[in-house]
Structure formats: C-alpha cells, structure tokens
Amino acid sequence: MHYYKVTYTLTPYNEDASDIMISQLGELGYESFLEVENGFEAYVQEQFYDETVINTIEPYIEGVTYTAVASEVEDADWNEEWEKNYFKPIEVDGIYYVRGPQHEKNEAFQKEIVINPRNAFGAGHHETTGMMMHFLLNMDVKGKKVIDMGCGTGILGIMAAKEGAESVVSIDIDAFSVENTKENCGLNAVENMEVRLGGAEAIKESDKVHIFIANINRNILLQDIGRYKGAMREHSELLLSGFYEEDIRLLLDKAEELGLKLVEKQERNEWRALRLVSE
C-alpha cells in the first residue's frame, strides 16, 4: 500500500497546537503520527492524500505558525518500521505491561493491555495518559460505570474494564479513533465497552456514571465540564488531564461552581492532572 508523509514543523512548538492539528488530519484520513523535533510526521494512504489541504490545517493557538513538507513513502511496510522503531512497550506502576500485538508477553507483570495504536499519541507513552492510568490504578473501579471522553485508542477505558468496571462508554470526535478503540477492545477481550463517535453531545441523558475520564485540552474541558458533571452521579469522580499548571485555576474555578472538589493532583514534566469528586 502506497503512502504519503507530511512533516509539520511548528514555530514555536506548542503541544496543544500539535494535538489540534493532528485531530484535524485524522478527520482527513491520516492514520499515524510520529513526534519529531518541533512537530510531527503525518501518514496517509495515497487515495486520501490531497496536496491542496496540507497547508489549510489550523493550529488555533495564537502566535503558532507551521511549515508542511510532503513526500512519498517508499513501498515498504512503513507501519512495521514505525512499530519497531517507535512504539515500545511501557510499564504502568509495576502492574500493567502495555504492548503491541507484535511484542512478546511479559510474564513479570500481573496484567497487560495490548494496543495496536495506529497513532503514536495513543499508546500510553504521553504523560497525560500515564497520569490517568495511575489515577485508575489507585481508585476503586470495580462495579463502576465509566465514561472515557476523547478515548483515542481506548486504552483508559480498556484499563477501567480490566479493573472490574461494570460498563464503559468511550467517546471520540475522530472516526478513526472510534474504529481503533473497537479493534483494541477485541485485542483485549473487552466486551462491556460501548464506543461512540462525537464530542460532549454524544453523552446521553441516561448516562449516569461513577467515574468520568476526560484527557483532552483546557479549552474543551472548560467548555464541556458542565456536560460531564451532568452525566455523573452523586459522590462520583472526574479525572481531568491535558493541560498545564497555569490552567489549573481556571479549571478549578469552573469545577467548584459545579460542586466538584479537588482531592488529588498529579504532575509529570509540564503536564498536570486533577482528580475531583462531586459533592
């Protein structure tokens, strides 16, 4: 299968802008993304490649500009090369071993999650995903109903299911992520997860969960946190990540208006995560 690679270089580099651009490219059929210095590489099948749109992607972060350089990829199993050279297994709190289907099982770990990520940002390597996984491993998930908003590969919902959640709803605006999440559910024999396409509007009135996960970005969290709260039961928990230290006050002010109380905060490099409880 023939592919094109588009290398995006951001000036100055901004993680939020990069994520926003990747989301837009996913809607255009781009399948995989690799982090590179000051940007990322985006891969798309030849049939979906359109030279006229590669410079129309919007970073939506003031002051951020970019250059885009496209090239054909040699007819080789580039995805195999990506898996071999980029996607490495990770360990989560000494309990979980997260690996791809091409990796051997590690018997030293109690549990594992198998992820065919298709997208380099959804395999648990990012700090925000790691913090959310840490939260889940230190919570009582057994028998709980869970929503994972912005599910990506579905890794957080799959962990919740493996930790004994009664049911999981995973939601993403990217159709490719929805299909990838379904694929990864199959790889992990997870049968109690419903996967929906959309944003906060995909939350149903009947959704009343004990744990709500949202690993997205500050602006979306501020915009939709009221919808999240509406899907939560009394004394349920909201896990938030995808933002920086300077964003926390804005998020907490909004959360407190909705009757949400901070009980735990995590830090990994410049990224932050919050665990809140509904009063």
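## Getting to know the chain

Trainee: How far apart are the mean positions of the positive and negative charges of the protein chain?

Mentor: Lys and Arg count as positive and Asp and Glu as negative, while His and the chain ends are not counted. Each charge is placed at NZ of Lys, CZ of Arg, CG of Asp or CD of Glu. For the 26 positive and 52 negative charges of the protein chain, the distance between the mean positions is 10 Å.

Trainee: Good start! What kind of model is this?

Mentor: Residues are numbered from 1 along each chain as its sequence is written, and side-chain values use heavy atoms, with hydrogens and water left out. Local features need pLDDT of at least 70, side-chain atom pairs count only at pLDDT 80 or more, and totals for chains, interfaces and linings use all residues, as this is a predicted model.

Trainee: What is the radius of gyration of the protein chain?

Mentor: The protein chain has seven helices and 14 strands (DSSP runs numbered from the N terminus: H or I of at least four residues for helices, E of at least two for strands). The globule rule (2.2 Å times the number of residues to the power 0.38, with the radius taken over C-alpha atoms) gives 19 Å for 279 residues. The chain comes close to that, so it is as compact as a globular protein of that length, with a radius of gyration of 19 Å.

Trainee: What share of the residues in the protein chain is buried?

Mentor: Buried means under 20% relative accessible area, exposed over 50%, and partly exposed in between, using a 1.4 Å probe and protein chains only. Of the 279 residues in the protein chain, the buried share is 53%.

Trainee: Is Leu137 buried or exposed?

Mentor: Leu137 belongs to helix 3, residues 127-137. Beyond its neighbours within four places in sequence, Leu137 has contacts (heavy atoms within 4.5 Å) that include Val92, Ile95 and Met159. With 16% relative accessibility, Leu137 counts as buried.

Trainee: How many residues of helix 4 are buried?

Mentor: Helix 4 covers residues 155-162 and is mostly covered. Among its buried residues are Ile155, Leu156 and Met159. Of the eight residues in helix 4, the number buried is seven.

Trainee: Within what arc do the buried residues of helix 7 fall?

Mentor: The buried residues of helix 7 (248-257) are Ile248, Leu251, Leu252 and Ala255. An α-helix has 3.6 residues a turn, so residues three or four places apart point the same way. The arc is that of the directions from the helix axis to the C-beta atoms. Down the axis, the buried residues of helix 7 line one face of the helix, because they fall within an arc of 95 degrees.

Trainee: Which elements do the buried residues of helix 7 pack against?

Mentor: Gly259, with a positive phi near 80 degrees, follows helix 7. The packing partners of the buried residues of helix 7 are helix 6 (218-230), strand 12 (232-244), strand 13 (260-268) and strand 14 (271-278).

Trainee: Where does Ala189 lie?

Mentor: Ala189 is not a glycine, yet its phi is positive, about 55 degrees. At 62% relative accessibility, Ala189 is exposed. Its place is the loop between helix 5 (175-187) and strand 10 (193-197).

Trainee: What is the omega of the peptide bond from Thr11 to Pro12?

Mentor: Pro12 sits in the loop between strand 1 (3-11) and helix 1 (15-27). The peptide bond from Thr11 to Pro12 is cis, and its omega is near -15 degrees.
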